[in-house]
Amino acid sequence: MRLSLITVKRRPDSDDVSRRETLLEGAELRVGRGADVDVNLPDVNVAYHHASLSEGAQGLMLTAVGGAVIEVNGKPVESVAMQPGVSAR
């Protein structure tokens, strides 16, 4: 699987925005706030190893790991197909 991750950051004291694109490759990509994950989310509400991204029959799947919770439309789910319009927290 190849995934293009686009990170957008806005400086709190100005309207300056920076954009960085990173190409990620692997059968499964780890998501969390740990130092050893592929997609780092620096938020205390995110576990060190929170979820994984992988290809499935429905497309790109986001799956919670280790008892973590993923919310889609305010409802907890174990996994979700990441399609246009889906917002997972």
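**Strand pairing, salt bridges and a nonpolar patch**

Strand β3 (residues 28–32) and β5 run antiparallel and are joined by 4 bridges. Keep in mind that this is a predicted model. Beyond that pairing, there are 4 salt bridges in the structure, plus a nonpolar surface patch of about 260 Å². Here's the rundown by topic.

**Strands around β3**

- On the β4 side, Asn40 is the bridge partner of Gly32.

**Ser52, tucked into β5**

- Ser52 belongs to strand β5, which covers residues 51–56.
- With a relative accessible area of 7%, Ser52 counts as buried, because the cut-off for that label is under 20%.
- Skip the neighbours within four places in sequence, and Ser52 is in contact with Glu28, Leu29, Met61, Leu62, Thr63 and Val65.

- Arg30 makes a salt bridge with Asp36, and the closest N and O atoms are 3.9 Å apart.
- Arg30 also meets Asp38 in a salt bridge, at 3.8 Å from N to O.
- Arg30 is partly exposed, at 36% relative accessible area.
- Asp36 is partly exposed too, at 41%, and so is Asp38, at 31%.

**Arg2 and Glu25**

- Another salt bridge connects Arg2 and Glu25, with 3.9 Å between the closest N and O atoms.
- This pair ties together distant parts of the chain: Arg2 is in strand β1 and Glu25 in strand β2 (residues 17–25), 23 residues apart.
- Arg2 is exposed, with a relative accessible area of 59%.
- Glu25 also counts as exposed, because its 56% is over the 50% cut-off.

**The nonpolar patch**

- Ile6, Val8 and Val17 make up the nonpolar surface patch of about 260 Å².
- Val8 comes from strand β1, which takes in residues 2–10.

Notes. Residues are numbered from 1 along each chain as its sequence is written. This is a predicted model: local features need pLDDT of at least 70, side-chain atom pairs count only at pLDDT 80 or more; totals for chains, interfaces and linings use all residues. Side-chain values use heavy atoms; hydrogens and water are left out. Helices (H or I, at least four residues) and strands (E, at least two) are DSSP runs, numbered from the N terminus. Buried means under 20% relative accessible area, exposed over 50%, partly exposed in between (1.4 Å probe, protein chains only). Contact means heavy atoms within 4.5 Å. Patches are made of residues with over 30% relative accessible area and no salt bridge: like charges are joined within 9 Å, nonpolar side chains (Val, Leu, Ile, Met, Phe, Trp, Tyr) within 5 Å. Accessible areas come from the Shrake-Rupley method with a 1.4 Å probe; for residues, only the protein chains shown count as cover. A salt bridge is a side-chain nitrogen of Lys or Arg within 4 Å of a carboxyl oxygen of Asp or Glu. Two strands pair if DSSP finds at least two bridges between them.
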